[in-house]
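Morning, everyone. I'll take you through pockets first, then aromatic rings.

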Amino acid sequence: MNWNDVKWKLKNKFASNYLGQKFWILFSGKSKGVVVDASVDIVIEGYPRSGNTFCVALFRYLSTSDIKIARHRHEIAQIKSSIRFKKIAIFVIREPLSSVSSFVVREDVSVKYALEYYIKYYSELMASLDYIYIVDFGFLVRNTEDFVENARSFLGLSYLSSYDSDDFGEVNKFVLDMEREDSGGIVRASHVAMPNKDRDESKNAVIFEMHSKYEKEVKDALDCYNSLLEMAKVFGRMV
C-alpha cells in the first residue's frame with residue numbers, strides 16, 4: 001500500500017467542498033496554501049506541478065497593490081469555492097505527461113492515483129467552465145507578456161503592471177521565496193523548476209511507466225486536457 005496515495009485520497013475526499021476543506025485542515029494540522037473565502041482577491045490554482053507557483057509569483061511581482069491570492073491547495077474545493085464566493089479564478093492547466101510525472105516524483109504517489117486525480121480534477125474544471133478562466137502552462141511561460149496583458153484587459157485586473165522579459169529574474173526570486181516560505185527556509189529541487197539531473201531521470205522513468213502500464217488512463221487524461229483547452233477557447237474562457 002502506498003501511504004502517500006492514502007494521504008492524498010483522504011485529503012481530496014474531504015476537501016471536495018468548502019466545509020470539508022476546513023475540516024481537513026483542522027484534522028491534518030496542515031494549512032499550506034491559501035483557501036478560497038470572502039477575503040481573497042483572486043484565485044490562482046490547478047492540478048499539482050502545472051505552473052501554479054510561477055503564476056502566483058508573477059501576480060505578486062506585478063501587483064501594484066497588496067492582493068490576497070488563494071493558491072496551492074490543489075483541491076476541488078478551491079474550484080467550487082471560487083464560484084461560491086464569486087471570485088475571479090484562473091486555473092493553470094498542463095498536459096498530463098509533464099504534470100503527472102512531476103507530481104509522482106515530488107509527492108511519491110503512485111502513477112495510477114496521479115492519473116486518476118488528473119482526470120477527476122480536469123473533469124471538475126470542465127463542469128465549472130462557465131465561472132472560471134483557464135491558462136495553458138505553455139502559453140503562460142512562453143507568452144508571459146501576452147498573458148499579463150490579457151489578464152489586465154480581458155479580466156479587468158488593472159492592479160497588474162505590464163510585464164517585460166527582463167522581469168523574469170525578479171519573478172523567479174518570488175518563486176524561490178515562496179518555496180522557502182513553504183519549506184521552512186530551504187529550496188527543494190523536487191519542488192521548483194530548476195535543472196536537476198536526478199529529478200529528470202525519475203520523471204522519464206515515470207513517463208515510461210505511464211505509457212507501458214496505463215495506456216488507457218493516459219489517453220483519458222490527454223482527452224480531458226485537449227477537451228478543456230478546446231472548450232475554453234470556444235466559450236471565451238482562455239486568458
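Let's start with the largest pocket. Its volume is about 650 Å³. Keep in mind that this is a predicted model. The lining of this pocket counts 30 residues, and nearest the centre are Arg49, Thr53, His191, Val192 and Ala193. Five helices give at least two lining residues each: H3, H5, H7, H9 and H10. H9 has the largest share, with 7 residues. By type, the lining splits into 11 nonpolar, 9 polar and 10 charged.

Next, the second largest pocket. Here we have about 480 Å³ of space. It is lined by 17 residues, with Lys7, Trp8, Lys30, Lys32 and Glu107 closest to the centre. H1, H2 and H5 each contribute at least two lining residues. This lining has 9 charged residues, 5 polar and 3 nonpolar.

Now the rings. There are 18 aromatic pairs in the structure. Take Phe14 and Trp24: the centres are 5.9 Å apart and the planes meet at 15°, so this pair is stacked. Phe14 sits in helix H1 and Trp24 in helix H2, 10 residues apart. Phe14 is partly exposed, at 31% relative accessibility. Trp24 is buried, at 8%.

Phe23 and Phe27 are stacked too, with 5.9 Å between centres and 15° between planes. Both lie in helix H2, about one turn apart. Phe23 is partly exposed at 42%, while Phe27 is exposed at 57%.

One aromatic cluster includes Trp8, Tyr47 and Phe103.

Last, charges over rings. The charged end of Arg94 sits over Phe137, 4.2 Å from the ring centre. Arg237 lies over the face of Tyr133, also at 4.2 Å from the ring centre.

How values were computed:
Residues numbered from 1 in each chain as written. Predicted model: local features only at pLDDT ≥ 70, side-chain atom pairs only at ≥ 80, totals over all residues. Heavy atoms only, no water. 1 Å grid on protein atoms, 1.4 Å probe; cavity = no way out; pocket = protein on both sides within 12 Å on 5 of 7 lines; lining within 4 Å. Points joined across faces, edges and corners; volume = space filled by probe spheres on them. Helix = DSSP H or I, 4+ residues; strand = E, 2+ residues; numbered from the N terminus. Nonpolar A, V, L, I, M, F, W, Y, C, P; charged D, E, K, R; others polar. Phe/Tyr/Trp six-rings, centres within 6.5 Å; stacked < 30°, edge-to-face > 60°. Buried < 20%, exposed > 50% of the residue type's maximum accessible area, 1.4 Å probe, protein only. Lys NZ or Arg CZ within 6 Å of the ring centre and 35° of its normal.
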